[in-house]
Amino acid sequence: MPDEPTQTNRRNWDERVAIHLDDRSGIYDVEAFLRGGNALLPLELEEIGDVSGLKIAHLQCHFGIDTLSLARLGAEVTGLDFSASAIAAARELARQSGLQANFVEANVYDAAQHLTPAGFDMVYVSWGAIIWLQDIRAWADAVAAVLKPGGRLFLAEGHPTLQQLEEVDGKLVVTYPLDTTLHFREEKTYAGDGQALHNRDTFEWIHSLGSLFAALTEAGMRVESFREHDSLPWPAVPSMTQGEDRMFRMPEGRPSPPLAFTLTARKA
């Protein structure tokens, strides 16, 4: 039986699917994707390299636009998500786009029970994924379990330093603790037309870089690269502005904490 935070988060994400499918803010743009575009960001494309012919597991795939973007690059991709609504939307998006991908409804911790164990060249996880997971060590174990020996993880995520902050009167204030359960109630999602949510409660966890690195190491993974970035794909605080590259940054002239990071790790 799923725990209450998981059930609460699933209800919230089930509701977000329809809103995100209609989003034209630049975070999701399904129409551009269906015209032949690729939803992956330039920094992701640069770091993942050539994926043609690779077997990739996309964990926490939401409605599959990134999963299918990897398929458009020539990968054999399986997307996994705990939301039935998201998986149904992903399969419909695959049909509309004519792209081939498998989609599996399951909790990410149970990935090895639903995907081929040690069957993937790469695990892809991107943008606002691990903050929804209480047990980062169980997540790292799941990643390692589905990777082939020598396979690699690519992770793109909001930086925990940023996730601890709130903007108050134009200043960034440290507000949220690391590695503990946080309960939020928000009226709207981060993308879409501003439609109000009915399922507003969520539970989140800001994982320190130390706990993330330790979890990967204990799961038998070796971190190969780590980069911090001054931009990310959504407006994490109200004053952020969006550039032509679809990324959000702090206003020009204001000092910026690290906003995001990318990481690659390889299974021994």
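Colleague: Before we start, what does contact mean here?

Modeller: Contact means heavy atoms within 4.5 Å. With that cut-off, 73% of the contacts in the chain with a separation of 6 or more are between residues 24 or more positions apart. This is a predicted model, where local features need pLDDT of at least 70 and side-chain atom pairs count only at pLDDT 80 or more, while totals for chains, interfaces and linings use all residues. Residues are numbered from 1 along each chain as its sequence is written, and side-chain values use heavy atoms, with hydrogens and water left out.

Colleague: Thanks! How many helices and strands are there in the chain?

Modeller: The chain has 9 helices and 13 strands; these are DSSP runs numbered from the N terminus, helices being H or I with at least four residues and strands E with at least two.

Colleague: And what share of the residues is buried?

Modeller: Of the 268 residues, 51% are buried, meaning under 20% relative accessible area with a 1.4 Å probe, protein chains only.

Colleague: Switching to packing, which residues of helix 4 meet helix 5?

Modeller: Ile65, Leu68 and Arg72 do, and they meet Ala90, Leu93, Ala94 and Ser97 in helix 5.

Colleague: What about helix 1, which residues there meet helix 5?

Modeller: Asp14, Val17 and Leu21 in helix 1, against Ala84, Ser85, Ala86 and Ala89 in helix 5. That contact has 5 nonpolar, 1 polar and 1 charged residues (Ala, Val, Leu, Ile, Met, Phe, Trp, Tyr, Cys and Pro count as nonpolar, Asp, Glu, Lys and Arg as charged, and the others, Gly among them, as polar).

Colleague: Last one: what does the C-alpha trace span?

Modeller: About 50 × 40 × 40 Å along the principal axes of the chain.

Conventions
Buried means under 20% relative accessible area, exposed over 50%, partly exposed in between (1.4 Å probe, protein chains only).
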